[in-house]
Amino acid sequence: MERSTSRGTPELAGSVQIRHVDAGSCNGCEVEIASVFGPVYDAERYGARLVASPRHADALLVTGPVTRNMEMALRRTYEAVPQPRRVIALGDCARDCGVFAGAYGVAGAVGDVVPVDVEVPGCPPPPEAIIEALRGMTGR
Ligand code: SF4
């Protein structure tokens with residue numbers, strides 16, 4: 001598993017289409033994702049783009065701990081992404097449940113439900129860290 005990398009993901013290098021899945025986030029991570037794809041950080045210039053359907057995606061960008069209500073949805077969304085597919089666990093909650101660890105509505109971390117390829121630590125991770133992880137995937 002990688003935290004972030006600058007060598008790219010060979011099968012996906014150049015252009016990576018991303019489906020975001022909020023599996024139970026407090027929305028803090030979403031604010032940073034919005035910033036990353038906004039005019040200041042502009043992740044699209046590095047080849048990363050958000051898409052509306054997992055069937056159009058190369059990778060999932062998952063935030064939050066996985067709540068019981070989202071566990072099956074996350075599994076099914078993962079299965080809907082064509083291969084080769086990648087999963088980014090964004091934020092401490094996605095990595096290890098963070099501040100929600102042990103909460104009654106939490107099924108587990110993202111890695112407990114689907115295979116994780118890249119982790120981005122932080123609560124929330126700063127835009128620079130998210131950009132670094134995305135650039136690691138696109139290789140740009
Ligand atoms: S990592 Fe922090 S900002 Fe992100 S969903 Fe968890 S509590 Fe919210």
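Trainee: Which residues does the UniProt domain annotation cover?
Mentor: Residues 26–135, according to the unreviewed UniProt entry, which annotates them as "domain: NADH:ubiquinone oxidoreductase-like 20kDa subunit". Keep in mind that this is a predicted model.

Trainee: How far apart are the end C-alpha atoms of residues 26–135?
Mentor: They lie 25 Å apart. The span is 33% helix and 19% strand.

Trainee: On to the ligand. How many residues surround it, and which are the closest?
Mentor: There are 13 residues around the ligand. Cys26, Gly28, Gly91, Cys93 and Cys123 are the closest.

Trainee: Which helices each supply at least two residues of that shell?
Mentor: α1 and α3, the latter being residues 92–96.

Trainee: Is the crossing left-handed or right-handed?
Mentor: Right-handed, as α1 passes α4.

Trainee: Which residues make the contact?
Mentor: From α1, Glu32, Ile33, Ser35 and Val36. From α4, Pro127, Ile130 and Ile131. By class, that contact of α1 with α4 has five nonpolar residues, one polar and one charged.

Trainee: New topic: backbone. What joins glutamine 83 and proline 84?
Mentor: A cis peptide bond, with omega at about 0°. Proline 84 sits in the loop between α2 (68–80) and β5 (86–90).

Trainee: What about the bond from cysteine 123 to proline 124, cis or trans?
Mentor: Cis, with omega near -10°. Proline 124 is in the loop between β7 (118–120) and α4.

Trainee: Last one. What is phi for aspartate 42?
Mentor: Near 45°, a positive value in a residue other than glycine. Most residues other than glycine have a negative phi.

Trainee: Where does aspartate 42 lie?
Mentor: In the loop between α1 and β2, with β2 at 48–50.

How values were computed. Residues are numbered from 1 along each chain as its sequence is written. This is a predicted model: local features need pLDDT of at least 70, side-chain atom pairs count only at pLDDT 80 or more; totals for chains, interfaces and linings use all residues. A crossing is left-handed if the near helix is turned anticlockwise from the far one by less than a right angle, and right-handed if clockwise. Helices (H or I, at least four residues) and strands (E, at least two) are DSSP runs, numbered from the N terminus. Two residues are in contact if their C-beta atoms, placed from the backbone, lie within 7 Å. Ala, Val, Leu, Ile, Met, Phe, Trp, Tyr, Cys and Pro count as nonpolar, Asp, Glu, Lys and Arg as charged, and the others, Gly among them, as polar. A residue is near a molecule or strand if its C-beta atom, placed from the backbone, lies within 6 Å of it. UniProt positions are given in the numbering used here, feature names are shortened, and annotations may be inferred rather than shown by experiment.
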